[in-house]
Amino acid sequence: YMAYAAIGINSVAVIFGGPFGRFSDCVDRRLAAAVFAIGTFAPTWSLLIFGYTTAKALWISTIVKVLGSYGLTSNVMLALINDVTRVEDREEAVGLYYAANNLMSLTMTGIPVLLVLILRVIPNNPTIFLVVQVVLSSLCLLLLCSVRWKRKEINPEEDSESDSEDVSTAARLCEATESTLEAPKKTCKAWVGDRIRRTVRQFILPVRLACGNRRLRRLWCAGFMLMFAGQLVMDIGGQYFNQSMDLIPYGTKDELTTVAVLTMIPGQLLAIPGNLVTGYLSKRGGPLYLLRRLVPIASLLVTMGAFMAQVQQFWFIAVTVICLNYAGLPNVPLMRLVSGLAPPGRVGESLSAIGIAAQLASLIGNAAVVVINHHLMGTEMANPLWIYYPICGTMTLMAILPIRGTPYGGWGAASGIRQDQWVAVVFAHVAQQRWRKEVARRKALRARS
C-alpha cells in the first residue's frame with residue numbers, strides 16, 4: 001500500500017513539476033504558492049471531512065495526497081523567497097528556507113512523537129493533530145496573502161546572466177507571437193490541435209531547459225547524485241539502526257520508540273543552525289566555492305554511518321543522523337546557484353527541474369532498496385546494510401565532477417567568482433547587441449512589406 005502510494009506521488013510530482021514551475025513564472029508567485037499549499041493541505045482536510053477510521057476514508061485521503069503532489073517538485077516557496085529578497089541577501093534567504101523546513105519537520109513530527117510516545121503528556125488523539133494542521137494551513141494561506149513586494153520582469157542579476165541562447169529563445173518567442181497575431185482565424189479542428197501542441201509543450205520545455213542549458217545541466221547532475229545517495233541511506237536508516245541494536249525481532253516497544261525519536265529530533269534540531277551558517281558562508285565566499293568544498297565533507301559524513309554496525313549504541317544513532325542531516329547542507333548553495341543562473345523569467349521552471357531530479361532520485365532509490373535488500377539479506381553477513389553508507393559516500397563525492405571546471409561562458413554572476421561575473425557582463429553586452437540587430441532587422445522587414 002505504502003509502496004504504491006509513494007510511486008503515485010513520485011510519478012505525479014515528476015510529470016507535473018515542470019509545468020507547475022512554468023505556471024509559477026507566468027502568474028503571481030503568491031497565487032502559485034497558494035495553489036501548491038492547497039494541494040499539500042488537502043489530505044488533512046479530507047481526513048477531517050471523511051474521518052480516519054474507515055478504509056474508504058483512508059483511500060480517499062491517499063488519492064487526494066497523490067493528486068495533490070502536482071507541485072511537490074516545483075520549489076515554488078523557494079522561488080517566492082527569491083522574489084521577495086534582495087539579490088545580495090538571497091544566499092542567506094535560502095539557508096533560512098531550509099532551516100524553516102527543518103523547524104517545521106521538528107514541530108510536526110519529532111516533537112509530537114516525543115510528547116505523545118515518550119513523555120506521554122499529550123493524549124494520542126489524531127483529531128488534535130488534524131485540527132492543528134488545519135489551523136497551520138489556514139495561517140499559511142493568510143501569510144501568503146500578506147506578502148508584498150515590487151515585482152520586476154527581470155532582475156539585474158538575471159539580466160547580467162542572459163546570454164545568446166536566452167536572447168535567441170526570446171527572439172523565437174517573439175516570432176511565434178507575431179505569426180500568431182497575423183495568422184487568419186483557425187478552424188475548430190486546427191484550434192484543438194494547436195491547444196494540444198501547446199499543452200504538450202508545457203511538459204517538454206522544462207526538460208529542454210534542464211538538458212539544454214549548459215550550467216543547469218551540470219547542477220542537475222550534481223543535485224541528482226547528492227539526492228540519490230541521501231535517499232538510499234534515508235530509506236534503510238530505520239531498519240539498519242534496529243538491526244545494529246539487535247532489536248529485530250526482539251526489541252521492546254520502548255526501545256523501538258527510542259530509535260524512532262533518535263532518528264528524527266537530533267538531526268532536525270541541529271540542522272537548523274547548520275543551514276543558517278551555510279547560508280551565511282555562501283554569501284561570504286560565493287555559493288559555487290562553498291558547494292565545491294561541502295561535497296567532499298558531505299561524502300565523509302555519509303560514510304560515518306557504516307560505523308554504527310560496530311558501535312551499536314543508542315547515542316551513535318543520534319551521531320549518525322546528525323551527520324546525515326549535515327550531509328544535506330550542499331543543497332543550500334546548490335539551490336542558490338540554480339535560482340541565480342536561471343534564464344530571465346524562468347526561475348520557477350529552473351527550480352522545478354532540480355525538484356524533478358530529487359523526485360527521480362527518490363523513485364529510483366526506493367526501487368533500488370527493494371531489489372538490493374532482497375539480495376543483501378540472503379548473504380551470510382549479520383548486518384549487511386552498512387554497505388550502503390560507503391557506497392553512498394562515494395556517490396556523494398562523485399557529485400563534485402559536474403561542478404568542476406567552467407562551462408562555456410562561465411558560471412555567471414550568481415556563482416560569486418569575479419572572473420565569471422566579468423564574463424557574464426561581457427556576454428550580456430554581446431547578447432544586447434544581437435538583440436538590437438534583430439529588432440532593427442524586423443523593423444526593416446515591416447517597412448518593406
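Guide: The side chains of aspartate 25 and arginine 29 are joined by a polar contact of 2.8 Å. Such a contact is a pair of N or O atoms within 3.5 Å; within protein, one must be able to donate a hydrogen and the other to accept it, and residues adjacent in sequence count only if both atoms are side-chain atoms. The model is predicted, with local features requiring pLDDT of at least 70 and side-chain atom pairs pLDDT 80 or more, whereas totals for chains, interfaces and linings use all residues. Residues are numbered from 1 along each chain as its sequence is written, and side-chain values use heavy atoms, with hydrogens and water left out.

Aspartate 25 has its place in helix H1; helices (H or I, at least four residues) and strands (E, at least two) are DSSP runs numbered from the N terminus. With a relative accessibility of 14%, aspartate 25 is classed as buried. The classes are buried for under 20% relative accessible area, exposed for over 50% and partly exposed in between (1.4 Å probe, protein chains only).

Helix H1 also holds isoleucine 15, which is partly exposed at a relative accessible area of 45%. Together with Phe16, Trp191, Val192, Ile196, Val200, Phe203 and Ile204, Ile15 makes a nonpolar surface patch of about 720 Å². Two or more residues of this nonpolar patch come from each of helix H1 (2–26) and H9. The most is given by H9, with six residues. Patch residues have over 30% relative accessible area and no salt bridge, like charges being joined within 9 Å and nonpolar side chains (Val, Leu, Ile, Met, Phe, Trp, Tyr) within 5 Å. The areas come from the Shrake-Rupley method with a 1.4 Å probe; for residues, only the protein chains shown count as cover.

Aspartate 194 and arginine 198 form a salt bridge whose closest N and O atoms are 2.9 Å apart; the term requires a side-chain nitrogen of Lys or Arg within 4 Å of a carboxyl oxygen of Asp or Glu. Because aspartate 194 and arginine 198 are four residues apart in helix H9 (residues 188–212), about one helical turn separates them. The two partners fall into separate classes of accessibility: aspartate 194 is buried at 15%, while arginine 198 is partly exposed at 37%. Elsewhere, salt bridges with shared partners connect Arg86, Glu88, Asp89, Glu92 and Lys283 in one network.

One link concerns aspartate 89 and arginine 86, whose side chains meet in a salt bridge with an N to O distance of 2.7 Å. Here aspartate 89 is buried, since its relative accessibility is 17%, and arginine 86 is exposed, with a value of 53%. A further salt bridge, at 3.3 Å from N to O, brings together the side chains of arginine 336 and glutamate 91. This pair ties distant parts of the chain to each other, with arginine 336 in helix H16 (residues 331–341) and glutamate 91 in helix H5 (residues 90–118), 245 residues apart. Across the whole structure, the search finds 13 salt bridges.

The whole-structure search finds 10 aromatic pairs. Phenylalanine 224 and phenylalanine 228 count as stacked because their ring centres are 5.9 Å apart and their planes lie at 10°. Rings of Phe, Tyr and Trp (its six-membered ring) pair if their centres lie within 6.5 Å, and planes under 30 degrees apart are stacked, over 60 edge-to-face and the rest tilted. Phenylalanine 224 and phenylalanine 228 are four residues apart in helix H10, so about one helical turn lies between them. Phenylalanine 228 is buried, with a relative accessible area of 11%. The rings of tyrosine 240 and phenylalanine 241 have centres 5.8 Å apart and planes at 45°, and this pair is therefore tilted. Both tyrosine 240 and phenylalanine 241 are buried. Finally, Phe20, Phe23 and Tyr70 form one aromatic cluster.
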